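Keep the viewer open as you read.

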2 protein chains.
Amino acid sequence: MAYSPLLQQLLQALRCLPGVGARTAQRMAFHLLERDREGARALASALIEGLERIGECECCRMFAEDALCWICASVERDAALLCVVESPADVIAIEESGIYQGRYFVLQGRLSPLDGVGPEELGLKLFEQNLAKGEVREIILATSSTVEGEATAGYLGAIAQQGNIRVSRIAHGVPIGGELEYVDRSTLSRAIAGRNSLEHE
Amino acid sequence: MAYSPLLQQLLQALRCLPGVGARTAQRMAFHLLERDREGARALASALIEGLERIGECECCRMFAEDALCWICASVERDAALLCVVESPADVIAIEESGIYQGRYFVLQGRLSPLDGVGPEELGLKLFEQNLAKGEVREIILATSSTVEGEATAGYLGAIAQQGNIRVSRIAHGVPIGGELEYVDRSTLSRAIAGRNSLEHE
C-alpha cells in the first residue's frame, strides 16, 4: 500500500476532474498538502458554495446564481436576437469575442436519440416559451457542425420558422488566418459549397 | 464580464492546482457543474478532511494521518535502513518499485541557502534524533542529482559519518532499457565516471 487511506481518498476525489489521471492527481494532492493548504481550503469552499448556489437560468439554461443569469438579467442585451448554443462554454467563447449583444439559449447537449437525448432534455419547452414572448426576431443557430449538431439546428429551425422568425446558422468555413493547405477536407468542402458571391457595387 | 461572481471565484480557486490555467479551470468547473456535482461534493469533503487530518509524520516527515506515517508505524520495516529523499513523491516512487523494505526520511526540500532553505527547514534536528536512537546501520542518500541535491547529500553524509554509520548514495547512470544514443551528456559522463569493475570469480 503506497498511500494512507485519506490520501487515497483525496487522490480518488481529484480524479473526478476532467483530464486528471493517477499521476496528475498525486502531483495535485502533494502540491496542495505540501505547499498550498490555503489554496486547497479556498478550493473546497468555492466548490461547496458553487454547488449550492450555481444553478440554471430560468430563461436560457446558462449557469446562474439567481433566477436569471447575468446575461438574461442585463437590460443592455438585445432581446430580439437569440443565439442557440450547446453548452455554457460556447456562451463564454462568444462573450469573449465581444461581438454579440443578444441573448442565448443553452441546450446543454444536442439531439442524440441513441443516447436518450431528445427535445425534452434540451429544454425545448422552455425554448418555445422564450419564442412565445414575441420579442425574438432572429434566431442564430450556433450548434456544433457534427451530425447531431446539424440535426439539432435543423429541428430548432423548423420550430422557429413556424413562429415566423428569421432563422440563421453561423457560417462555417476556413478560419481567419488559416492557411488552405492545413485546413481539413470537410471544412474546405463546406467553405466552397457555402461560397458567397461578391457584389460589385 | 464573462462569468458570474461565484463562477469566477471557483475558476480562480481551481487555479491553485498545479498545471491548471484559465482554460483548464473553466473546463473543470463546467464539467463539475454540468455533469459531476456528486464528484465535486466528494472532492470538497476529501479536501477538507485531508487538510484537517493529514499532517507530518513525527519520525520521518512523510504525510501521516496519525503521529506516525504508515511506514514508520509498520513493524515489518527494517529500522536499520534509512533512505533520505527530498519529497513525499519520492517515497511513493520507491514504494511502488517494491524493492525497498527500510524506512525513510523526507527532507521536504533540499539545501538552498539563497532560498532560505537551511538545515532547520529540512528537519535535520529530527534526522539526528533518528540516528541517535542507534537503530540505523545504513543511510541511503536518494536526494536528486541537481547541484543542491548533491550538496544536501554531502551535508547529510558528513552528519551520518560522525555517528559511524554506513552512508551510501543511490547509483546514477544509464536507465535500464535506455539507449546510449538518447541518453543526455551529463548522465553519460556520470555513467562512465561511476563504472563498476566486473570481477571474474
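Start in chain B, where helix 5 (residues 124-132) packs against helix 6 (residues 147-162) at an angle of about 35 degrees, the two axes lying 11 Å apart. A quick word on the terms: helices (H or I, at least four residues) and strands (E, at least two) are DSSP runs counted from the N terminus, while axes are lines fitted to C-alpha atoms, for helices over the stretch in contact, with angles running from 0 to 180 degrees between N-to-C directions. The crossing of helix 5 of chain B past helix 6 of chain B is right-handed, where right-handed says that the near helix is turned clockwise from the far one by less than a right angle, and left-handed that it is turned anticlockwise.

This is a predicted model, in which local features need pLDDT of at least 70 and side-chain atom pairs count only at pLDDT 80 or more, whereas totals for chains, interfaces and linings use all residues. Residues are numbered from 1 along each chain as its sequence is written, chains are lettered from A and ligands numbered from 1 in the order in which they are written, and side-chain values use heavy atoms, with hydrogens and water left out.

Who touches whom between those two helices? On the helix 5 side of chain B you'll find B:Leu124, B:Phe127, B:Glu128 and B:Leu131, and they meet B:Tyr155, B:Leu156, B:Ile159 and B:Ala160 of helix 6 of chain B; contact here means heavy atoms within 4.5 Å. Sorted by class, this contact of helix 5 with helix 6 of chain B has seven nonpolar residues, one charged residue and no polar ones. For that sorting, Ala, Val, Leu, Ile, Met, Phe, Trp, Tyr, Cys and Pro count as nonpolar, Asp, Glu, Lys and Arg as charged, and the others, Gly among them, as polar.

Now for the sheet in chain B. Four strands form an open sheet in the order 4-3-5-6, with parallel pairing; two strands pair if DSSP finds at least two bridges between them. Strand 4 (102-106) and strand 6 (166-169) of chain B are at the edges with a single partner strand each, so one side of each has no neighbour in the sheet. Ignoring direction, neighbouring strands of this sheet are turned by 25 degrees against each other on average.

Inside that sheet, strand 3 (residues 78-85) and strand 5 (residues 138-141) of chain B pair in the parallel sense over four bridges, and B:Leu81 stands opposite B:Glu138 of strand 5. B:Glu138 also has a bridge partner in strand 6 of chain B, namely B:Arg166. Strand 5, helix 6 and strand 6 of chain B make a right-handed β-α-β unit; right-handed here says that, with the strands pointing away from the viewer, the path from the first strand over the helix to the second runs clockwise. Helix 4 of chain B, meanwhile, lies across strand 3 and strand 4 of chain B and runs at about 160 degrees to strand 4.

Over in chain A, strand 5 (residues 138-141) and strand 6 (residues 166-169) run parallel and are joined by four bridges. A:Leu141 stands opposite A:Arg169 of strand 6, and A:Ile139 has A:Val167 as its bridge partner there. Helix 6 of chain A packs on the sheet and touches strand 3, strand 5 and strand 6 of chain A, its direction making about 165 degrees with that of strand 6.

So how do the two chains come together? Helix 2 (residues 22-35) of chain A packs with helix 4 (residues 88-97) of chain B at an angle of about 145 degrees, and their axes are 10 Å apart. Helix 2 of chain A brings A:Arg23, A:Gln26, A:Phe30 and A:Glu34, and helix 4 of chain B brings B:Pro88, B:Ala89, B:Ile92 and B:Glu96. By class, the contact of helix 2 of chain A with helix 4 of chain B has four nonpolar, one polar and three charged residues.

Finally, the symmetry. Chain A can be laid on chain B with an RMSD of 0.0 Å by a turn of 180 degrees and a shift of 0.0 Å along the axis, which is the relation of a two-fold axis; the copies are superposed by least squares on the C-alpha atoms of residues with pLDDT of at least 70 in both. The same surface serves both copies, as 100% of the contact residues of chain A recur in chain B. Of the residues of chain A, A:Ala44 comes closest to the rotation axis, with its C-alpha at 2.2 Å.
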